[in-house]
Amino acid sequence: TPSDVAGVMMGYALNDARREALLAQSGDDTWRALEAAAVRCAPAMDAAHLGNVMYCYAACGRRASASAWAVLERAVVAALPVADAASVAHVVYAYARLGVVPGDDATRALDDAAGRTAGSMSARNVANALWSFLALAATRGAPLPRCYGALWRAAGELDTRAMTDVNWCNFFHAYLIHAELIGVSATHAGKKGVHHVDVVLDRPDAAALVDGARHFPPWLAVEAEEAWTRNAFEEVEVSSGHREVAEALTRLGIGHEMECLTDDEYFSLDLYVPEHDCAIEVDGPTHFVDEIVALREREGGDDLVGRVTRRTTATELRDMFLRKRHGRVVTMPWFELDECVSREERAAYVAGKLRAAGIEL
């Protein structure tokens with residue numbers, strides 16, 4: 001039943017061990033079965049069940065096939081007019097997390113639903129909705145919805161006593177996307193100085209952008225910014241991949257720093273090469289989403305399937321922010337590093353990445 005499918009998928013989304021098993025290569029058959037069931041039941045799902053299914057796609061970092069997504073999107077359009085705040089936030093987050101721009105009908109339905117429910121959204125829901133709309137605007141060129149200003153107004157009306165660091169950070173991330181990557185900002189005085197970006201009026205969503213900037217809550221410059229920078233300080237985790245790249249840099253005679261902060265203390269860097277102002281990010285599995293696709297037809301009717309790996313929207317945003325702060329940004333996916341079986345191969349791989357970024361060795 002629709003309830004059973006949504007419950008099982010949400011169980012995978014919320015359980016770390018089950019989710020990791022599902023994401024392993026051995027979990028592909030399970031995922032295909034879940035997706036088939038979701039597609040079969042989607043037309044009969046209510047908004048809450050559909051929101052849970054969409055959230056599972058986002059949490060598990062799995063993109064639906066084009067045909068499956070089309071069925072889910074039609075169900076979304078039908079369900080959103082009566083969806084509650086949490087379901088609306090789940091749906092828009094799924095689009096953003098997976099880097100998929102909603103179709104025209106879904107865009108209108110999401111705009112109407114988010115505007116209708118903005119005042120009843122929790123801090124988490126408002127922050128996720130703002131981040132999601134902004135992420136799609138910055139990375140995919142999607143216009144911001146008409147309800148954008150209403151979402152920031154709703155944020156300003158929240159009881160900040162109930163805010164968590166995660167909430168503060170999500171709101172500040174949304175603000176940074178607006179101010180740095182889209183190009184419309186109200187003047188914002190924070191401890192890092194005054195941020196101001198000229199209004200861009202030749203965008204179709206210019207009115208929504210200006211409306212949003214007018215309603216930035218005052219706590220963005222205090223509690224939200226403090227939580228964001230505190231998280232950047234605490235986000236230091238040296239993985240084996242970081243150490244392997246650092247060792248390769250040493251073998252190449254390249255001076256570097258490991259786990260440092262950008263000058264404004266907004267972002268942490270895995271490694272940094274000061275001589276070339278080069279930020280290096282070693283991207284593990286959480287920086288990617290997978291899609292199971294048919295590679296080619298096989299005799300007997302079954303398709304030969306495989307995975308297509310894409311970077312997450314959050315990872316794309318990180319690189320956009322880092323490119324505004326550093327002359328070069330080099331990313332090294334974990335699966336490419338894993339193919340290096342010796343230290344010499346790893347050093348050659350790192351050297352190739354640096355040369356491709358314009359660094360002469």
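A cavity, on a 1 Å grid over the protein atoms alone, is a set of points where a 1.4 Å probe fits but cannot get out, and its lining residues have an atom within 4 Å of a point. Please keep that in mind for the next minute.

First, the ground rules. This is a predicted model, where local features need pLDDT of at least 70, side-chain atom pairs count only at pLDDT 80 or more, and totals for chains, interfaces and linings use all residues. Residues are numbered from 1 along each chain as its sequence is written, and side-chain values use heavy atoms, with hydrogens and water left out.

Now the cavity. The structure holds one of 30 Å³ or more. The largest cavity has a volume of about 40 Å³; volume here is the space filled by probe spheres set on the points, with grid points joined across faces, edges and corners. What lines the largest cavity? A47, L50, G51, V76, A79, L80, A83, S87 and V91. Helices α4 (47-60), α5 (66-79) and α6 each supply at least two of the lining residues. α4 gives the most, with three. Helices here are DSSP runs of H or I, at least four residues, and strands are runs of E, at least two, numbered from the N terminus. By class, the cavity lining has seven nonpolar, two polar and no charged residues. Nonpolar covers Ala, Val, Leu, Ile, Met, Phe, Trp, Tyr, Cys and Pro; charged covers Asp, Glu, Lys and Arg; the others, Gly among them, are polar.

Next, the second largest pocket. A pocket is an open set with protein on both sides within 12 Å along at least five of seven lines. About 360 Å³ of space lies in this one. Its lining has 20 residues, and T107, D111, P143, L144 and P145 lie nearest its centre. Which helix gives the most to that lining? α7, with five residues. α6 (85-98), α7 (104-117), α8 (123-140) and α11 (206-214) each supply at least two. The pocket lining divides into 14 nonpolar, one polar and five charged residues.

Last, two single residues. M258 sits in strand β4 (residues 257-261). M258 counts as partly exposed because its relative accessibility is 31%; buried means under 20% relative accessible area, exposed over 50%, partly exposed in between (1.4 Å probe, protein chains only). G156 belongs to helix α9 (residues 148-156). At 42% relative accessibility, G156 is also partly exposed. From G156 to A123 is 9.9 Å, C-alpha to C-alpha, with the two 33 residues apart in sequence.
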